[in-house]
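Thanks for coming. I have one chain to go through today, so let me put it on the screen.

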Amino acid sequence: TRGDAARARILEEAFRAFARFGYDGTRLDKVAATLGVTRQALLFHFKDKRGLYDAALESLFEQREEGLDSRSREDFPDLAAYVDYLVEYSVRYYLQNPEYMRLILRLLMGEGPGGTEAPRAGKSMVDRWGEVLAEGQKSGDTPAVPVSSLVAVVGGTLSYYMLLPQGARTGVDMMSFDPVSEKEVAQITTDLQRAVRGLLTLEQA
C-alpha cells in the first residue's frame, strides 16, 4: 500500500542516517528533509526518534535473515560446504550493505540509545553457527569450540579486512567504509573460509 511504501522509504533513509551519524547525531528534521516530507509525516508512522531507530534496526536484521532463509543445511552435501556458504554470505552481505556494518559497529560501541539490543528475526547467523558446531561435535568432526569464539573469528576478521585496511588506505574515519574491489572480496572470502574450517578442523569442501 501507499502507507507501507512511505514507511519503507523512511526506514531506509533512517538507518542510513543512524549508521552515518549515530543515534545522538541523527536529527529527524534532516531525515524528513532528505525524504522531502515534514517531521510530522515521520511521526505519523513512528512515535518518536527511539521508535524510528528500533524499527530501522529491526528492518535491517529482517532483511539479513530473509536472505539466509533462502538456503538451509540440507542444501549442502557436507558440513564444510555449508560453512563455506555461511562465510561467503556474511562477506557478501556486509559488503553490499555498508550501512549494516556501520550501524552494528555503533551498536557494539554503545552508541545506540540506552537498553538497545540487536533484534532477532527468525533464525539468526549465531543460531546457524550453533547448529554447525552441534552437528560437528555430534559426529566427532569438530572440537568443542564455543559459538562465541566462532562468531568472534568471523566478525573480527570481517572488521579487520573491511574496515581497518580501508581506514589505513584512505585516511578517513572507519564509519566512511566503502566496499572493496571484487578481487579483494574473493580473497577475503577465501581467507575467512580457510580460517573457519581450520578452527573447526574441517576439510575443504
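The chain has 10 helices and 0 strands, so read the order of elements from the N terminus as α-α-α-α-α-α-α-α-α-α. Keep in mind that this is a predicted model.

Some totals. Of the 205 residues in the chain, 44% are buried. Among contacts with a separation of 6 or more, 72% join residues 24 or more positions apart. The accessible surface is about 10,800 Å², and carbon and sulfur atoms hold 52% of that.

Now to α4, which covers residues 49–68. Its 20 residues reach 29 Å from first C-alpha to last, close to the 28 Å expected at 1.5 Å a residue. The buried residues of α4 include Leu-52, Tyr-53, Leu-57, Phe-61 and Arg-64. What do the buried residues of α4 pack against? They pack against α1 (2–25), α2 (28–35), α5 (79–96), α6 (98–108) and α7 (125–139).

Last, one residue from the other end of the chain. Leu-202 sits in the segment after α10 (182–200). Why does Leu-202 count as buried? Because its relative accessibility is 14%, and the cut-off for buried is under 20%. Leaving out residues up to four places away in sequence, Leu-202 touches Leu-79, Ala-80, Val-83, Asp-141, Thr-142 and Arg-197. Take Ala-80: along the chain it is 122 residues from Leu-202, yet their C-alpha atoms are 6.0 Å apart.

That is what I have.

Terms used
Residues are numbered from 1 along each chain as its sequence is written. This is a predicted model: local features need pLDDT of at least 70, side-chain atom pairs count only at pLDDT 80 or more; totals for chains, interfaces and linings use all residues. Side-chain values use heavy atoms; hydrogens and water are left out. Helices (H or I, at least four residues) and strands (E, at least two) are DSSP runs, numbered from the N terminus. The expected span of a helix is 1.5 Å times one less than its number of residues. Buried means under 20% relative accessible area, exposed over 50%, partly exposed in between (1.4 Å probe, protein chains only). Contact means heavy atoms within 4.5 Å. Accessible areas come from the Shrake-Rupley method with a 1.4 Å probe; for residues, only the protein chains shown count as cover.
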